[in-house]
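Let's walk through this structure together, one question at a time. Have the sequence and the coordinates at hand as you read.

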Amino acid sequence: MTTAHMATERPWLDASLSIADRVELLLAEMTVEEKVGLFFQTMIALGPDGELSDGDAAFGLPSTAEYVNERHMTHFNLLGIAPTAGTIARWHNRLQELAASTRLGIPVTISTDPRHSFTDNPGAAMLAGPFSQWPDALGLAATRDEELVRRFGDIARREYLSVGIRVALHPQVDLATEPRWARQLQTFGEDAELSARMGAAYIRGFQGDELGAESVAAMVKHFPGGGPQQDGEDPHFAYGREQVYPGGAFELHLEPFAAAFEAGASQVMPYYGMPVGTEYEEVGFGFNRSVLTGLLRERFGFDGIVCTDWGLVTDSEIMGTPFPARAWGVEHLTPAERMAKILDAGADQFGGERCTEILLQLVAEGVVTEERLDVSARRLLREKFVLGLFDDPYVDADAADDIAGSAEFRAAGDAAQRASITVLQSSSALPFERGAKLYVEGVDPEVAARYGQVVATPDEADLAVLRLQAPYEERGSAFENFFHAGSLDFAADVIAHVAEVAAAVPTVVDVYLDRPAILGPIVETGAAVLGNWGVSAAALLDVLSGAARAEGRLPFDVPRSMAAVAASRPDVPFDTEDPLFRFGHGLAL
């Protein structure tokens, strides 16, 4: 298309114009149906070998063609991992070609949950796959290193850009003030000041000094802070819908968000939870005008995109189990009424929804005006222009495999893993000498064999290394069990097994602390005890053998008992009585 032809046919493609003018030129050409499509952002699947998808039965996803051609949708959250970065990049380019073939050619914006760690939870974060692998945010917080966190954000930005991902549905700056809460792993821990510093560094890594064509937009979440869950239950599920503030600490949870806004976060996701016993309306934050307009838009002056958390409007089936819409406090409203309330609250997008017909009906009935559509459409279109998607939406698929997961980026991730490991209790057996006889559980024997001689029983060993998962309670469905909740006590058989091994040989116990487990019984065995938030076996053994220093410090208190947890106030940090290990604890090794 020539420049002259472009100026007459699609004048908003003229990069010499201001973004504000380009937005208005495009908005004037859009039908109501095309505007409505902007309001929906939901999960999308890759097809085989990077082709466009015909749908995903496990998550009830329709075909890509239906999304783009019939529903006019242009914002999608990429679900799942791919074997190579090039596969994602080629899929992305095919999707942009499909979008370019539509009447107005509005490019697609691809978002993602975190995908640089060891987490495998389709409702929260994904395994790194072809990308460099780092500790989760709790582990980044354990390093106390803002420059490391900013560098992580910059590397993740370059890897995302290489495959066409332009929005990070992170960072998560909630304060982990309830030890049982399932979503702590992607937070920066319990301390507001540390969370504020780390969250701001993270955003600057992804976005740069200002949002532009080389940025990945950061959607900070979960406003106004998702930590104070009643009994620590997660509001993905109806039994976890209430957020409570018995300590009156609502304002404290806003501090990391204030730092995120100062760092330039371009988007915000409110949480599912509903505040109980505060000055705010007792409805989920995505429906909450007193929070989204009164607090976020007016008090904080935020004029970026607000996208709800996933699934506030319609019921769904996930992994074969039906789940109600997370319409906490407004369960009695119809889907249309919920949608109208979300828009009235001040949100711009419905996360995890594709029910464009409901919004079209609301407009036809005059419940939602076209002027209201335009308010959010301007924000959504503006960001596409700022990110450069209208100027060049495509990526170099051949280069993606060289950029994502490069040796340099993987080495940086490995170094961060080692730096995040936190020694809670040491032992004279550490560091161990290379070539020692090692008994291992939860460690790949082939990796361990690079550090010593792997033996079959504790009795044969010079040192045992056991890797454990922080405990959690099994729940009723597959999707629920991705969210580790309930008691933090280790099962009796696990405690007995650790004691048995420790009686036979000096023993190191490394615990994946996605929640602050009750470690007392493990510590009492006399074993060395370490905490991690996503590290490889090689990174762990580098530290245990003295090849690398352990530098991590706890990003939260480790409580002494479940009784202390139950007695603590969910909104108040450092509120469990006489913790076993305090925030900031970490020994040299």
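Q: Leaving aside its neighbours within four places in sequence, which residues is I318 in contact with?
A: This is a predicted model, where local features need pLDDT of at least 70, side-chain atom pairs count only at pLDDT 80 or more, and totals for chains, interfaces and linings use all residues. Residues are numbered from 1 along each chain as its sequence is written, and side-chain values use heavy atoms, with hydrogens and water left out. I318 has its place in strand β10 (residues 316–318); strands (E, at least two residues) and helices (H or I, at least four) are DSSP runs numbered from the N terminus. With contact taken as heavy atoms within 4.5 Å, the partners of I318 are A58, F59, F323, R326 and F479.

Q: Is I318 buried or exposed, and what is its relative accessible area?
A: Buried means under 20% relative accessible area, exposed over 50%, and partly exposed in between (1.4 Å probe, protein chains only). I318 falls in the buried class, as its relative accessible area is 9%.

Q: In what order do the eight strands of the open sheet lie?
A: Strands of a sheet pair through backbone hydrogen bonds, either parallel or antiparallel. Here the pairing is parallel, and two strands count as paired if DSSP finds at least two bridges between them. The edge strands, each pairing on one side only, are β9 (305–306) and β12 (350–351). The order is β9-β7-β5-β4-β3-β2-β1-β12.

Q: Which residue of β12 stands opposite Q41?
A: Strand β1 (residues 40–44) has five of its five residues buried, so it is largely enclosed by the rest of the structure. Four parallel bridges join β1 to strand β2 (residues 75–78), where I44 stands opposite L78. β1 also pairs with β12 in the parallel sense, over two bridges. There, the residue opposite Q41 is G351.

Q: Which residue of β7 stands opposite V220?
A: Strand β5 (residues 217–223) runs parallel to strand β7 (residues 267–270), and four bridges join them. Seven of the seven residues of β5 are buried, so β5 is largely enclosed by the rest of the structure. The residue of β7 opposite V220 is V268.

Q: Which residue in β5 is the bridge partner of V167?
A: Strand β4 (residues 165–168) and β5 pair in the parallel sense over two bridges. The partner of V167 in β5 is A217.

Q: How many helices and strands are there in the chain, and what is its radius of gyration?
A: The chain holds 20 helices and 18 strands.

Q: What share of the 589 residues is buried?
A: Along its principal axes, the C-alpha trace spans about 80 × 55 × 40 Å. Within the chain, buried residues make up 62%.
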